[in-house]
Amino acid sequence: MLMTKLLLLLVCVLNFSAYGQVTGEVTQKVYRDDKYSFSLHYPSDWKPVEASSANARFKIASDNGIGVADFSIIVLTPPEIKKMTPAEFAEGMAKNPELVKTIIQTGLPGSKLLASGKTYLSNREAFFIKYSGTLRSIDDETDLTIYQIITVFEGKSITLTCRGLGDLFDTLYFDTCKEIASCFVLLPTKIDLPPKKIVTIKRQ
C-alpha cells in the first residue's frame, strides 16, 4: 500500500514538473479530504473557489481563480450503490447508453455526447463522459465542454468534473484536467482482514 502511494505521488510530481517546465512558473498544491479519505494534486495557478453545489467537496478554477475552466469533486451516498463495486458500476454504465444520456441532459439540457467509456480513477474502474452544450441565463449564452469521471467506492459515488469554454477547452485545459484527475487518490476507510483459521491439534 505504501509503495502504491509513493508511485502515485511520483507520477503526479513528474506530470506537474513537466508542466512547470513548459510554463516556467507552475508548481503543485494538494487538497486532502479527511471525511471521504481522498487527496488531489493540482497546479498552483488553479485556485480554490466557492462551489454552487452543496455536495461539492472541492472546486478550483483556472488562471488564479478567474479563468474560463473549473474542476470540482462531488461525493454522494445514494443507498442504491451501497454494495456496488467500481467494476459493476463501470460495466453498468457501459451497457446503459440511456442512463449516460440522462446524466448529460440533467447536467446541461440540450447537450451533445462527444465520447464515453470505461476508464480508471485512483486505480479503480470508472466511467468517463465528455459532452458539450450551451449554458443559458437571462441575457447570456455560454458554450461549454464538460469532462466527467465517475466511480463508486464503499457506498459513495465520486464524480470529478472539469468544465471550460467550448472553443478553448480541448486546446488549453483538457490535458491539465486529465493530469489533475490522474493525481486523485482515494483511500479505503476500512480494511477487510481474511478470516482467522482455526487449527485443531489432535493429541496422539
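Which residues in helix 3 (residues 86-94) are buried? I find Pro86, Phe89, Ala90 and Met93, taking buried as under 20% relative accessible area, exposed as over 50% and partly exposed as in between, with a 1.4 Å probe and protein chains only. Looking down the axis of helix 3, I see its buried residues fall within an arc of 95 degrees, so they line one face of the helix. That arc is taken over the directions from the helix axis to the C-beta atoms.

Ground rules for myself: this is a predicted model, where local features need pLDDT of at least 70 and side-chain atom pairs pLDDT 80 or more, while totals for chains, interfaces and linings use all residues. Residues are numbered from 1 along each chain as its sequence is written, and side-chain values use heavy atoms, with hydrogens and water left out. Helices (H or I, at least four residues) and strands (E, at least two) are DSSP runs numbered from the N terminus.

Next I checked what the buried residues of helix 3 pack against: helix 4 (97-107), strand 6 (112-121), strand 7 (124-136) and strand 8 (141-153).

Then the proline. I found Pro78 in the loop between strand 5 and helix 3, partly exposed at a relative accessible area of 25%. Leaving aside neighbours within four places in sequence, Pro78 is in contact (heavy atoms within 4.5 Å) with Gly155 and Ser157. Pro78 and Gly155 sit 77 residues apart in sequence but 7.4 Å apart in space, C-alpha to C-alpha.

On a 1 Å grid over the protein atoms alone, a cavity is a set of points where a 1.4 Å probe fits but cannot get out; a pocket is an open set with protein on both sides within 12 Å along at least five of seven lines; lining residues have an atom within 4 Å of a point. Volume here is the space filled by probe spheres set on the points, which are joined across faces, edges and corners.

I get about 650 Å³ for the largest pocket. Its lining has 28 residues, with Ser72, Ile74, Gln148, Thr159 and Thr161 nearest the centre. Elements giving two or more residues to that lining include helix 3, helix 4 and strand 9 (156-165).

How many cavities of 30 Å³ or more turn up in the whole structure? I find 1, and the largest cavity holds about 30 Å³. Its lining is Phe71, Tyr147, Gln148, Ile149, Leu160, Cys162, Cys177 and Ala181. Strand 8 gives the largest share of that lining, 3 residues.
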